[in-house]
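Work through the exercises below with the model in view. Each task is followed by its solution.

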Amino acid sequence: MNILNNIKVGKKIVGSFVVIAVLLVVVAVSSFFNTKNINDGMTTMYANRLVPISLLGQAGSAFYNVRGDLYKYIMFPDERTVLEQEIKAQVAEVEKDKNGFHSKYLTPAEKSEAEHFDMFWADYTKELAEVLVKAKAGKQNEALKMMASGGSFSNARQRVEDSIGKLIELNVKMADTTHKQGDDTFAGATIFMAVTSVVALTLALVIGLVLTRSIANPLAAITRVAQQVASGDLSADVLTEQRRDEIGVLAKAFREMLENLRSTTMDLSEGKRLEAELHTASVYARSLIEASLDPLVTISADGKITDV
């Protein structure tokens with residue numbers, strides 16, 4: 001407290017506001033970064049999880065459409081021209097979605113499965129081309145045999161289907177992980193905000209109490225002394241604590257003023273006493289003079305006046 005008493009009042013107040021401002025900045029900066037982390041998690045969820053899952057879903061849908069159109073291609077020769085264009089469009093859609101998936105952030109497990117998918121897809125397109133060739137050549141039975149369970153096309157199709165399912169599963173797991181990380185970040189941010197708010201509030205209260213003891217209380221004491229002096233009581237005294245701030249300067253000046261007032265009062269009292277003694281001496285001297293002129297009055301050696 002002695003150190004604080006030696007600091008100017010202006011610096012105390014400014015310093016207090018600076019401390020509060022720093023705390024507010026800390027809270028604001030921490031809130032910004034925590035919010036940014038949550039936003040980054042949401043961006044990651046969208047760009048690296050939601051979009052890839054959407055691409056895989058589109059690829060899977062196009063992939064399943066190929067199978068249906070291929071059966072129609074075999075069974076309805078008159079529609080083959082249109083169906084072949086649709087099959088090519090569906091294959092192109094899968095290729096586009098596959099390339100889009102590769103352009104996203106992939107975990108090591110996703111990269112490994114994506115490589116398997118590329119390999120399985122290459123085998124599938126070869127088998128697809130073979131089925132189309134046999135259908136065009138009028139070998140519908142052989143084409144249907146390839147597409148039946150256990151056939152080469154069916155096996156290739158199953159591998160692609162399983163690979164798409166695994167990629168979707170991996171993305172869902174990573175999305176769950178990202179979601180949990182977001183929850184943890186939010187929980188941590190909430191706790192941090194609560195702690196920093198409590199610390200800021202406590203520190204603000206402490207600063208208020210310290211400033212009250214350092215500024216308000218001494219000023220209140222000086223005010224009480226001033227009121228006593230105003231009522232004529234010069235026995236009051238101000239604090240004698242050594243301070244170098246404005247309150248210390250004020251207390252010193254007030255104390256010196258009190259001492260001067262007391263000294264002046266004492267001088268006035270002494271003057272009145274001397275005046276009274278002088279008046280008494282004057283009256284006595286006058287009586288001596290008057291007695292010396294009266295023959296019936298005698299004055300003894302000690303100055304006592306008596307009638308004869």
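**Exercise 1: an aromatic stack**

Trp121 has 2% relative accessibility, so Trp121 counts as buried (buried is under 20% relative accessible area, exposed over 50%, partly exposed in between, with a 1.4 Å probe and protein chains only). This is a predicted model: local features need pLDDT of at least 70, side-chain atom pairs count only at pLDDT 80 or more, and totals for chains, interfaces and linings use all residues. Residues are numbered from 1 along each chain as its sequence is written, and side-chain values use heavy atoms, with hydrogens and water left out.

Task: classify the ring pair of Trp121 and Tyr124.

Solution. 
- Step 1. Take the rule: rings of Phe, Tyr and Trp (its six-membered ring) pair if their centres lie within 6.5 Å; planes under 30 degrees apart count as stacked, over 60 as edge-to-face and the rest as tilted.
- Step 2. The centres of Trp121 and Tyr124 are 5.2 Å apart and the planes meet at 25 degrees, so the pair is stacked.
- Step 3. Helices (H or I, at least four residues) and strands (E, at least two) are DSSP runs, numbered from the N terminus.
- Step 4. Check burial: Tyr124 is buried, as is Trp121.

**Exercise 2: the sides of helix 5**

Task: which residues of helix 5 (residues 140–147) are buried?

Solution. 
- Step 1. They are Ala143, Met146 and Met147.
- Step 2. They cover an arc of only 100 degrees around the axis, which puts them on the same side of helix 5. The arc is taken from the directions from the helix axis to the C-beta atoms.
- Step 3. The face turned away from the buried side of helix 5 carries exposed Asn141 and Lys145.
- Step 4. The buried residues of helix 5 pack against helix 2 (9–75), helix 4 (108–136) and helix 6.

Terms used
Contact = heavy atoms within 4.5 Å.
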